[in-house]
Amino acid sequence: DLELDLQRCQQLSVTVLTDHQDLSNTELKTITNSSAPQQYRIRAKLRTYKPQKLHQSIKLHCSKCNSLQEVPDRDDFDFILHGSAGTAPNPELHNTSWYESVTWTTQEQKQREIAIHFVKHDEMLQHPEETLIMVEGGTLKEIWKLMKRFKCVIPVRSTEDDLEILDLSAPFLLKGNVKYYGCKQCSTPKPMKNLSSIAAEQQPSWEPTEIAQVLGIELLQYVFVMKFTLVDETGSLNAYLFD
């Protein structure tokens, strides 16, 4: 367990970084006064590390603009889904040449209309575990249930002309247990009809990178980021762990 290991390191008098065994130990003061890039071997004490909770170390990184952002939590996603559920699906966008649509109305007090669009291949519906579906009006609980049954789930909403993805604050794609996000700054979202080019492939794989590309989305990658403060008798040094 990394968290326990870090706590154990803090309790030890000295932390040794074992890389570069061919190099002699260098004082931190010398390193901070040197120009980068250089290779050093140090002997130092771990004073602090951030964040304190390891799950907070997971960030979303855009390789295009090099931005880092927090992973949205469940409440953010749920809020966006509830906002989109207030708009009824557009029936004129149902049952096209490349997807088949099913709608129903919930039985709860504040009724919602839900639409699921099943993407076809060779004009046929595939097995659920091979199928991408687009969902309008679903709640977080309903989305999770669909994720367990279908290969890929994309939350969408209706416009006058086509289906489109939700706010990029929400995941644009859910596959397995992974939520995929797009960069707000670098993405130029395209309508869902662009997915028909993947559906027309001989064996659609529904890979997130390919889906993001045809939808004009710059895919964010999950990365692991931490900051360590190391000290010796000559000074301190901040060390950053990325990915």
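Trainee: Leaving aside its neighbours within four places in sequence, what is Ile154 in contact with?

Mentor: Skipping those sequence neighbours, Ile154 is in contact with Leu132, Ile133, Met134, Val135, Ile165, Phe172, Leu173, Met192, Leu195 and Ile211. Bear in mind that this is a predicted model.

Trainee: What makes a pair count as a contact?

Mentor: Heavy atoms within 4.5 Å.

Trainee: Which residues have the most contacts inside the largest nonpolar core?

Mentor: Met134, Ile154, Leu195 and Ile211, in a core of 26 residues. At least two residues of this core come from each of strand 7 (132-136), strand 8, strand 9 (163-165), helix 5 (196-199) and helix 6 (208-214). Apart from it lies another core, of 16 residues, including Leu140, Ile143, Met147 and Leu174.

Trainee: Why is His117 called buried?

Mentor: Buried means under 20% relative accessible area. His117 has 0%, so the word applies. His117 sits in strand 6 (residues 113-119), and beyond four places in sequence its contacts include His94, Tyr99, Glu100, Leu132, Met134 and Leu163.

Trainee: How do you know that the side chain of His117 makes a polar contact with the side chain of Ser101?

Mentor: The cut-off for a pair of N or O atoms is 3.5 Å. The two side chains come to 2.7 Å, so the pair passes on distance.

Trainee: On to helix 3. How do you know that its buried residues line one face?

Mentor: Start with who they are: Phe77, Ile80, Leu81, Ser84 and Ala85. Looking down the axis of helix 3, those buried residues fall within an arc of 140 degrees, so they line one face of the helix. The face turned away from that side carries the exposed Asp75, Phe79 and Gly83. Among what covers the buried residues are helix 4 (140-149), strand 8 (152-158) and strand 10 (173-175).

Trainee: What span does helix 3 reach, and what would you expect at 1.5 Å a residue?

Mentor: Helix 3 (residues 74-85) has 12 residues and reaches 16 Å from first C-alpha to last, close to the expected 16 Å.

Trainee: What makes Asp73 the cap at the N-terminal end of helix 3?

Mentor: One of the side-chain oxygens of Asp73 lies 3.2 Å from the backbone nitrogen of Asp75. The limit is 3.5 Å, so that distance falls inside it.

Trainee: Asn66 and Trp206 have a positive phi. Why point that out?

Mentor: Because most residues other than glycine have a negative phi. Asn66 is at about 65 degrees and Trp206 at about 55 degrees.

Trainee: Are Asn66 and Trp206 buried or exposed?

Mentor: Asn66, in the loop between strand 3 and strand 4 (68-70), has a relative accessible area of 57%. The exposed cut-off is over 50%, so Asn66 is exposed. Trp206, in the loop between helix 5 and helix 6, has 4%, under the 20% cut-off, so Trp206 is buried.

Notes. Residues are numbered from 1 along each chain as its sequence is written. This is a predicted model: local features need pLDDT of at least 70, side-chain atom pairs count only at pLDDT 80 or more; totals for chains, interfaces and linings use all residues. Side-chain values use heavy atoms; hydrogens and water are left out. Helices (H or I, at least four residues) and strands (E, at least two) are DSSP runs, numbered from the N terminus. The expected span of a helix is 1.5 Å times one less than its number of residues. Buried means under 20% relative accessible area, exposed over 50%, partly exposed in between (1.4 Å probe, protein chains only). The arc is that of the directions from the helix axis to the C-beta atoms. A polar contact is a pair of N or O atoms within 3.5 Å; within protein, one must be able to donate a hydrogen and the other to accept it, and residues adjacent in sequence count only if both atoms are side-chain atoms. A nonpolar core is a set of buried Ala, Val, Leu, Ile, Met, Phe, Trp, Tyr and Cys residues joined through side-chain atoms within 4.5 Å.
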